[in-house]
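Dear colleague,

Please find below the structure that I am handing over to you. My notes on its cavity and pockets follow.

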Amino acid sequence: MSVNAGEPAGQLPVTIGDTPDRDAFRDGFKTGLPTLFGIAAWGLVVGIAMVKSGLSVPQALGMTLLVFAGSAQLASLPLIAAQAPIWVIFATALVVNLRFVIFSALLAPHFAHLPWRQRLYLGYISGDISVALFLQKYPSPTPAVGKLSYLKGLMFPNWGAWQTGSVIGVFLGSTVPAEWGLGFAGTLAILCIMVPLMINRAALCGVLVAGTVSVLAYDLPYKLGLLLAVLVGMVTAMVIEETMDKIKARRG
């Protein structure tokens, strides 16, 4: 095995994790498998919501394939239906998806060496659950065999489950009665997936603060309370995390 230039002797080269590894891919798939039903159910609800909000089938299919961000899609749909200014729609989607900036920062030490085209498509198919599960498996950026294959084993099925559910929802949207209450079912599905991932106090505090702000700011026009809740929740979680790290460092 050759070592990359500039790498200390005895260390695995950074690219060692890029070699296709079927076992690692299967391991990633098995890890993410329990979440796929909830992801598909959430996609189904968003697909139905897009059609119910007035989008045509081609528009809804284009949105789910290009955007691939359920929370941003749901946040923008009522704004589109209300004919809100385009800057409000884009700002809402941008703020809701700011978490992906954090995901990118967390994944960068692992995969910054990859070609930009590969990083671009990995960024497109990334999701909350797949990134969280990957970081649970590989919290350190230290090179390891099968890293990229493991990530793909999480991301590809996640993307496929979402798109399958969403496309079915798009075509069922015009036939499913509103009284079925699938929106509530979708909320339960995503909660079942996300709650176990709130594994630290900072994340939990951020969620609680965001929920409180969203209720208090419910009456703001154009659903701007959602933007405010996301921003305040993220800032809260980041401040608490940084404060706890400083406390641990002082004690350590």
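On a 1 Å grid over the protein atoms alone, a cavity is a set of points where a 1.4 Å probe fits but cannot get out, while a pocket is an open set with protein on both sides within 12 Å along at least five of seven lines; lining residues have an atom within 4 Å of a point. Grid points are joined across faces, edges and corners, and a volume is the space filled by probe spheres set on the points.

This is a predicted model, in which local features need pLDDT of at least 70, side-chain atom pairs count only at pLDDT 80 or more, and totals for chains, interfaces and linings use all residues. Residues are numbered from 1 along each chain as its sequence is written, and side-chain values use heavy atoms, with hydrogens and water left out.

One cavity of 30 Å³ or more was found in a search of the whole structure. The largest cavity has a volume of about 50 Å³. Two or more lining residues each come from helix 1 (22-52), helix 7 (128-137) and helix 8 (147-172); helices here are DSSP runs (H or I, at least four residues), numbered from the N terminus. Helix 1 gives the largest share, five residues. Among the lining residues are Gly-28, Leu-133 and Asn-158.

The second largest pocket has a volume of about 280 Å³. Of its 13 lining residues, Ser-104, Leu-107, Arg-119, Leu-122 and Gly-123 lie nearest its centre. Helix 5 supplies the largest share of this lining, six residues.

Yours sincerely
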